[in-house]
Amino acid sequence: MPGVVSGSLIVFAWTFSAFATPELLGGGRVKMIANVVKDLALDSFNWPGSAAFAIVALAVTLALVAGLGRLLTPRAS
Amino acid sequence: MAAARATGVAVVVLLLAFLTLPSLVVIVVSFNPTAIMAFPPHGLSLRWYENALTYPQFQRAAVNSLIVTAAATLLALPIGTAAALALVRHRVAARAVWAAALLSPVVVPGVAAGLGFLILAAGLGLLASRWVLIAVHAILVLPFVLRSVSVSVANLDPALERAAASLGARPSRVFRRVTLPLLRPGLAAAVLFAVIVSANEFVVSLFVSTRVTEILPVAMFTYVVNYSDPTMAALSTLFIAATFVAVVAAERWLGLSRVFGLEGEARGGPSR
């Protein structure tokens with residue numbers, strides 16, 4: 001079960017910040033957080049707004065990784 | 001029982017098909033004679049390969065890719081090797097922090113890293129410079145170098161180096177004649193990983209490259225956003241083939257599985 005949970009977390013963290021796949025398959029209409037970051041930064045030159053979204057993506061990913069580390073550490077320690 | 005087994009086999013076959021079919025479709029579509037990505041294609045043609053190989057922006061981007069990948073690998077290899085030696089061998093202060101920092105590029109979302117590097121490069125006035133791209137790639141491949149070399153360092157018996165030192169070799173000579181040769185499998189795997197990761201890196205590069213410095217994956221993305229003909233399928237097929245050849249060659253001549261410890265000490269310790 002820990003393996004299933006950690007596998008799911010890795011997939012979620014990986015997919016959460018996916019960029020190329022939604023950009024190409026979504027045809028510019030389906031936006032995920034990474035696409036919003038890119039649009040704001042490179043098309044609108046709104047770096048602060050873009051940074052806010054990027055920090056959200058970063059925080060979610062790091063939180064997941066931290067949770068993962070806790071999950072995989074043996075209880076005894 | 002037999003039915004359950006057959007179901008299991010069918011599921012595995014379906015999963016494998018799901019994983020490989022997109023690549024197969026790309027390969028088949030690349031031989032399309034028409035500008036519409038028809039599947040299955042009505043005939044065979046190499047015109048999109050010609051278009052891909054003669055498109056000027058692709059040629060420029062391919063040269064950029066070679067420069068960036070080569071420079072980033074050469075930059076990351078000594079840094080990663082030094083870090084691996086220090087972290088595995090020595091009691092480094094705040095070792096967990098160092099390890100986490102050095103491995104973090106794998107975890108940080110590409111867009112977050114890309115935006116950070118963009119803002120940093122803009123602040124330094126280096127946006128048009130190729131060096132930003134090289135530094136970014138070196139950072140991104142560092143975790144892979146560190147991991148592969150660490151495995152080799154962990155398998156390296158310090159007694160061999162002590163023996164060389166006790167026979168009168170200076171530290172620099174021990175490093176060149178004993179340590180480095182014994183680390184070779186890890187270093188080779190590190191180079192392979194660095195090259196593959198750097199050559200395929202896209203998201204972060206998109207943020208810090210210009211039309212002049214952009215690498216091949218970025219040029220391909222720009223092309224596919226603007227045009228929809230099988231040129232991209234042709235170029236992707238070449239990419240798939242190159243990566244496939246690299247991995248097969250590495251497995252054959254370097255023994256990738258050995259580097260990962262899949263066969264462990266079964267071969268009787270370090271070979272050669």
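Predicted model: local features only at pLDDT ≥ 70, side-chain atom pairs only at ≥ 80, totals over all residues.
I took a residue as buried if 20 or more other C-beta atoms lie within 10 Å of its own, as exposed if 12 or fewer do, and as partly exposed in between, with C-beta atoms placed from the backbone. Residues are numbered from 1 along each chain as its sequence is written, and chains are lettered from A and ligands numbered from 1 in the order in which they are written.

**Entry 1: helix H3 of chain A.** I looked up H3(A), residues 33–43, and noted Ile33(A), Ala34(A), Val37(A), Lys38(A), Leu40(A) and Ala41(A) as buried. Helices here are DSSP runs of H or I with at least four residues, and strands are runs of E with at least two, numbered from the N terminus. I found the buried residues of H3(A) packed against helix H4 (47–72) of chain A, together with H5 and H10 of chain B. Just after H3(A), I recorded a positive phi of about 55° at Phe45(A).

**Entry 2: chain B against chain A.** I counted residues as in contact if their C-beta atoms, placed from the backbone, lie within 7 Å. The contact draws 17 residues from chain A and 13 residues from chain B. On the chain B side, H5 (110–124) and H10 (203–208) each supply at least two residues, and H5(B) gives the most, with six residues. I sorted this side into twelve nonpolar residues, one polar and no charged. In this sorting Ala, Val, Leu, Ile, Met, Phe, Trp, Tyr, Cys and Pro are nonpolar, Asp, Glu, Lys and Arg are charged, and the others, Gly among them, are polar.

**Entry 3: H7 and H8 of chain B.** H7(B), residues 158–166, packs on H8(B), residues 171–182, at about 160° with axes 10 Å apart. The axes are lines fitted to C-alpha atoms over the stretch in contact, and angles run from 0 to 180 degrees between N-to-C directions. The angle therefore makes H7(B) roughly antiparallel to H8(B) (over 145 degrees; under 35 is roughly parallel, 65 to 115 roughly perpendicular, the rest oblique). I noted six nonpolar, one polar and two charged residues in the contact of H7(B) with H8(B).

**Entry 4: H11 and H12 of chain B.** H11(B), residues 216–226, and H12(B), residues 231–253, pack at about 155° with axes 10 Å apart. H11(B) is therefore roughly antiparallel to H12(B). I listed Met220(B), Tyr223(B) and Val224(B) of H11(B) in contact with Thr231(B), Met232(B) and Leu235(B) of H12(B).

Note on methods
Contact = placed C-beta atoms within 7 Å.
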